[in-house]
Amino acid sequence: MNTAAADMHQQYGKVAVLMGGQSAERDISLVSGAAVLQALQAAGIDAHAVDPAECNVHDVLVNGGYARAFVALHGRGGEDGVIQGMLETLGMPYTGSGVLGSALGMDKLRTKQVWQSAGIATPAFTVFSSRAGLLAAKGELQYPLIMKPSHEGSSIGISKVDTVDDVSAAWELAARYDNEVFAEHWIDGVEYTAGILGQEVLPLIRLETPNTFYDYEAKYETDTTRYLVPCGLDAAMESRLQSLSLAAYQAVGASGWGRVDFMLDASGQPWFIEVNTVPGLTDHSLVPMAAQATGLDFSQLVCRILDTSLESVAAADREADCA
């Protein structure tokens with residue numbers, strides 16, 4: 001082991017890159033995890049892939065000599081506080097948000113409820129726990145709207161509804177993924193995303209797609225989506241929206257790194273849509289794109305994210321010193 005590798009090993013120890021899992025976003029997680037693994041290994045870090053769908057992840061982490069975990073799991077089981085709770089129980093440092101921030105961030109509905117309580121603008125919504133409830137209310141809904149499952153990412157199960165005739169099919173699609181479905185007021189405007197790294201909000205990205213909205217295809221399967229960095233807003237407006245994004249992120253207890261998505265309507269009013277506590281790290285992903293605009297390449301970004309696991313240890317040590 002050369003001196004640089006020895007220094008990395010001493011600083012980080014053996015790192016488990018948690019990837020794959022069993023959620024609807026498994027395929028994207030495998031791509032993100034592979035990119036992270038390659039970047040960490042290229043930096044001289046002793047990193048290894050661990051897929052909770054293919055092993056007893058608890059036993060592998062306990063018996064494998066791992067010192068910390070890089071969470072690259074998207075969706076349920078990895079982004080919702082479940083794996084974070086296990087890591088907390090093991091006393092193993094990990095990247096990204098803790099149990100509370102992860103659980104709330106994965107729950108679009110309760111994120112919106114927290115934002116409402118905090119005075120953060122988010123589109124109006126109606127919850128439908130059953131088809132019968134939808135049928136009773138669909139004539140009173142305002143169209144267009146967007147139908148969503150509460151606990152999915154990557155726009156899975158989401159569809160725009162233009163008329164009352166389409167609402168039942170949209171609910172059925174969302175209900176395939178979740179027993180909690182809600183209809184959200186459609187915002188006509190421009191979509192932006194704010195990547196967050198520690199306490200820093202990265203440059204905003206403006207998203208433009210010929211699709212009806214920034215759906216799964218626009219995110220992962222097409223080259224027609226445009227990503228504008230700089231985003232085209234004046235400096236004062238961008239700074240204001242970055243501050244609001246950080247407040248929206250922190251309101252749900254998110255920390256470490258992540259992403260906040262919002263719409264900007266024609267009047268300049270931002271409407272916050274959701275928080276991602278383990279955003280994608282693929283060649284189409286937004287946080288790496290925003291980091292690149294600040295001069296951070298992908299490898300540097302991944303190492304900065306890994307550093308958030310060191311920061312969580314430092315915070316725990318401070319709490320212990322104060323006890």
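Buried means under 20% relative accessible area, exposed means over 50%, and partly exposed lies in between, with a 1.4 Å probe and protein chains only. The model is predicted: local features need pLDDT of at least 70, side-chain atom pairs count only at pLDDT 80 or more, and totals for chains, interfaces and linings use all residues. Residues are numbered from 1 along each chain as its sequence is written, and side-chain values use heavy atoms, with hydrogens and water left out.

The protein has 323 residues, and buried residues make up 50% of them. Its secondary structure comes to twelve helices and 13 strands. Helices (H or I, at least four residues) and strands (E, at least two) are DSSP runs, numbered from the N terminus. Contact means heavy atoms within 4.5 Å. Among contacts between residues at least 6 apart in sequence, 69% join residues at least 24 apart.

An open sheet of three strands has the order S2-S1-S3. Its pairing is parallel. Two strands pair if DSSP finds at least two bridges between them. Strand S2 (47-50) and strand S3 (68-71) are the edges, and each pairs on one side only. Neighbouring strands are turned by 30° against each other on average, direction ignored. Axes here are lines fitted to C-alpha atoms, for helices over the stretch in contact, and angles run from 0 to 180 degrees between N-to-C directions. Four bridges join strand S1 (residues 15-18) to S2. In one of the pairings, valine 15 has alanine 47 of S2 as its bridge partner. Helix H4 (residues 82-90) packs on this sheet and touches S1 and S3. The direction of H4 makes about 170° with that of S3.

A nonpolar core is a set of buried Ala, Val, Leu, Ile, Met, Phe, Trp, Tyr and Cys residues joined through side-chain atoms within 4.5 Å. In soluble globular proteins, nonpolar side chains tend to be buried together. The largest core here has 43 residues. Val17, Leu18, Leu40, Leu61, Phe70 and Leu87 have the most contacts inside it. Helix H12 (residues 298-322) gives the largest share, five residues. A second, separate core has 21 residues, including Trp115, Ile120, Phe262 and Val275. Leucine 87 is in contact with Leu18, Leu61, Ala69, Val71, Met92 and Tyr94, leaving aside neighbours within four places in sequence. Serine 29 is found in helix H2 (residues 26-42). Serine 29 counts as buried because its relative accessibility is 0%. Beyond residues up to four places away in sequence, serine 29 touches Met19, Gly20, Ala72, Leu73 and His74.

A further open sheet has four strands in the order S4-S7-S5-S6, with antiparallel pairing. S4 and strand S6 (159-161) are its edges, each pairing on one side only. Its neighbouring strands are turned by 25° against each other on average, direction ignored. Strand S5 (residues 145-149) and S6 run antiparallel and share three bridges. Leucine 145 has valine 161 of S6 as its bridge partner. H6 packs on this sheet, touching S4, S5 and S7, and its direction makes about 140° with that of S4. Helix H8 (residues 167-175) lies across S4, S5, S6 and S7, at about 25° to S5.

Strand S10 (residues 205-208) has alternating side chains. Strand S8 (residues 189-197) runs antiparallel to S10, with three bridges between them. Three bridges also join S10 to strand S11 (residues 226-228), again antiparallel. Arginine 206 is the bridge partner of tyrosine 192. In S11, arginine 206 has leucine 228 as its partner.

Rings of Phe, Tyr and Trp (its six-membered ring) pair if their centres lie within 6.5 Å; planes under 30 degrees apart count as stacked, over 60 as edge-to-face and the rest as tilted. The count comes to four aromatic pairs. Tryptophan 115 and phenylalanine 272 form an edge-to-face pair, 6.0 Å centre to centre with 65° between the planes. Tryptophan 115 lies in helix H6 (residues 108-118) and phenylalanine 272 in strand S13 (residues 270-276), 157 residues apart. Both residues of this pair are buried. Phenylalanine 125 and phenylalanine 182 are also edge-to-face, at 6.2 Å and 75°. They sit in strand S4 (residues 125-128) and strand S7 (residues 181-185), 57 residues apart. Phenylalanine 182 counts as buried because its relative accessibility is 1%. Trp115, Tyr192, Phe262 and Phe272 form one aromatic cluster.
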